[in-house]
Amino acid sequence: RQESVARNGNGSLPSVRAEVFAVDGVLDVFAYQNFTKNPLVYGATNYELKPNSIYVGVVGGSDQKIAEAIFRKLNAGCDMNGNTTVTIQDKEYTWPYPEYVYTYNRPTPTPVKFKVTIANSASLPATIIQDAKNAVIATFTGSNGAQRARIGGKIFASHYYAAVSQISNTVSILQIKVGITLPNLDSFDLGIDQSPIISSADIEVELV
């Protein structure tokens, strides 16, 4: 509802974000604005934003449709950031149509690693290792109703305890750790140019 209301506006950061999120196939959007006349570094990776500019990071969707969505909602004169550029024709005018170059960012897919340590017991399900991996993936992607991992978000190991413990009443979690290089942290921040991804191979389940 919040997104649909924001789409009614024009020129504001929420209206741009909501319009991009409404594009078919878009899975995630992060939008931020540098209102100052100086470059600004922001987020865990110190991503540099140009003066008086907008940043729109997008996962999924068509390059052309995303640029058209930004064109519909972004006021003229605002600079843009990113690694993807698309030329838009303003067809409100007669041919030859004025052309504008719109820029946004495709965040780097960033694998997140997990280590789940569970107290070993003969009463654990025989499929406990795969069950634990499935529980982590379901929480990470939000397929079980949890808040999924997002561009520029924070990954908390504690966010995954409930799903793993619900596998069986015989499951006793000793610890869960997360990380990008190694799963040895309780939490960490993603940059606004990082899109979190997960695979079964990046989840280690240890029975102790």
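Asn 52 is placed in the loop between strand 3 and strand 4 (53-60). The model is a predicted one. Although Asn 52 is not a glycine, its phi is positive, at about 45 degrees. Its relative accessible area is 41%, a value between the 20% and 50% limits, and therefore Asn 52 is described as partly exposed.

Because its relative accessibility is 52% and exposed means over 50%, Asn 46 counts as exposed.

The table sets out the values for both residues.

| Residue | Phi | Relative accessible area |
|---|---|---|
| Asn 52 | about 45 degrees | 41% |

The largest pocket has a volume of about 240 Å³. Its lining is formed by Leu 27, Asp 28, Val 59, Pro 109, Phe 140, Thr 141, Arg 148, Ala 149, Ser 195, Pro 196, Ile 197 and Ile 198. Two or more lining residues come from each of strand 1 (26-34), helix 4 (128-141) and strand 13 (194-197). The greatest contribution to this lining is made by strand 13, which supplies three residues. Sorted by class, the lining of the largest pocket comprises eight nonpolar, two polar and two charged residues.

Terms used:
Residues numbered from 1 in each chain as written. Predicted model: local features only at pLDDT ≥ 70, side-chain atom pairs only at ≥ 80, totals over all residues. Heavy atoms only, no water. Buried < 20%, exposed > 50% of the residue type's maximum accessible area, 1.4 Å probe, protein only. Helix = DSSP H or I, 4+ residues; strand = E, 2+ residues; numbered from the N terminus. 1 Å grid on protein atoms, 1.4 Å probe; cavity = no way out; pocket = protein on both sides within 12 Å on 5 of 7 lines; lining within 4 Å. Points joined across faces, edges and corners; volume = space filled by probe spheres on them. Nonpolar A, V, L, I, M, F, W, Y, C, P; charged D, E, K, R; others polar.
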